[in-house]
Amino acid sequence: MPVLKNVLLTLLRDEFYFGKLCWNGEVDVLDPSVDRLLSESEFWQIQKILGERGLSKPYRHEEVGYRMLIRCGECGNLLTPYFKEKETKSGTTRYYYLRCTHDGSHKECSQVQIGFKELDSQILDLLSSISISSAFFDWAVKWLKECNYKRSENQTNEIDRINAQLKDTQKKIDNLIEMGMLGVVTPQEVKVRKESLQNERYQLERDLKGLNVQTFDWLETAIKTFNFAKNARYYFEHGSMLDKSQILKALGANFYVIDKKLCLDLLKPYFILKENADIVCLENDGCELSSLVSVSANVDAVKSWWAICQDVRTILVASYA
Ligand SMILES: [Zn+2]
């Protein structure tokens, strides 16, 4: 009965029966209202029973962390996450790793895999090194809000000034056209002066646009930055693999692993916090702001807080200018 066996095997291995549609390399899901012959988990149970004759369960890329994010420090290829299953007393445990496949590279590469556990612990160390105290966070947020208030006031004045200039330029253009129509100025003159006025208007409109972009909430970004520094370690410890990837991504750019050591270009604001870890971790309760000048008993620490906040703010504002 080999034919019947083969037919049966083909049926048992057909993913269509739990609703998966494959067509021309595209994957889709069958209309949810259509009854399935079996559920997806039942299907994979059958494959497990079939063993080598069954389909191997596809890797759920979207659920595995650190995908498409970290490169091999030796050959430059993206590291691929994968897992190994080991039987333990409490059941099957998955161990995740990142490895260099050396794909597409003609170079020799001697790098070995790194376990997620090792990687996570290095990231946790990094998150600890940029973390800030609650007191510093509260102080920084107050300070940033006050700065933003002053800045908005200046910006409003600047926007008003440009708008007035724009109105003036438009009036000049209208007058010029009128004078041209009355024959007071030659058409050639109208053309030249109109061009110059239009350039002026264009420049003013650009300035205005730039200012409006600046009024964009850089404050929100600044608060998010400090919030991240304060809480990322906690979220990393309690998050899913995907949360962990997102947290790592938020730390910087150019991630690579060399000899099992994670390297990256840390974002400047976090770099500043890391460099000043001893100061930003201080707990100075009751520090007040008074027009950006501290009136706290612990003036020295707050003065340093001020300098650090100033640096972080300058970087963030510059990146939105
Ligand atoms: Zn490599």
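Modeller: The buried residues of helix α3 are Phe 116, Leu 119, Ile 123, Leu 126, Leu 127 and Ile 130, where buried means that 20 or more other C-beta atoms, placed from the backbone, lie within 10 Å of the residue's own, exposed means 12 or fewer, and partly exposed is in between. They lie on the same side of α3 because they cover an arc of only 100° around the axis, the arc being that of the directions from the helix axis to the C-beta atoms. The face turned away from this buried side carries the exposed residues Lys 117, Ser 121 and Asp 125.

This is a predicted model, in which local features need pLDDT of at least 70 and side-chain atom pairs count only at pLDDT 80 or more, while totals for chains, interfaces and linings use all residues. Residues are numbered from 1 along each chain as its sequence is written.

Helix α3 covers residues 116-130, and its 15 residues reach 21 Å from the first C-alpha to the last, close to the 21 Å expected at 1.5 Å a residue, a span taken as 1.5 Å times one less than the number of residues. Helices (H or I, at least four residues) and strands (E, at least two) are DSSP runs numbered from the N terminus, and the chain has 10 helices and 10 strands.

As for its surroundings, the buried residues of α3 pack against the strands β5 (91-100), β6 (114-115) and β8 (261-266), and against the helices α6 (218-238), α7 (241-251) and α8 (268-275). Helix α8 includes Lys 268, which counts as partly exposed because it has 16 C-beta neighbours inside 10 Å.

How values were computed
Contact = placed C-beta atoms within 7 Å.
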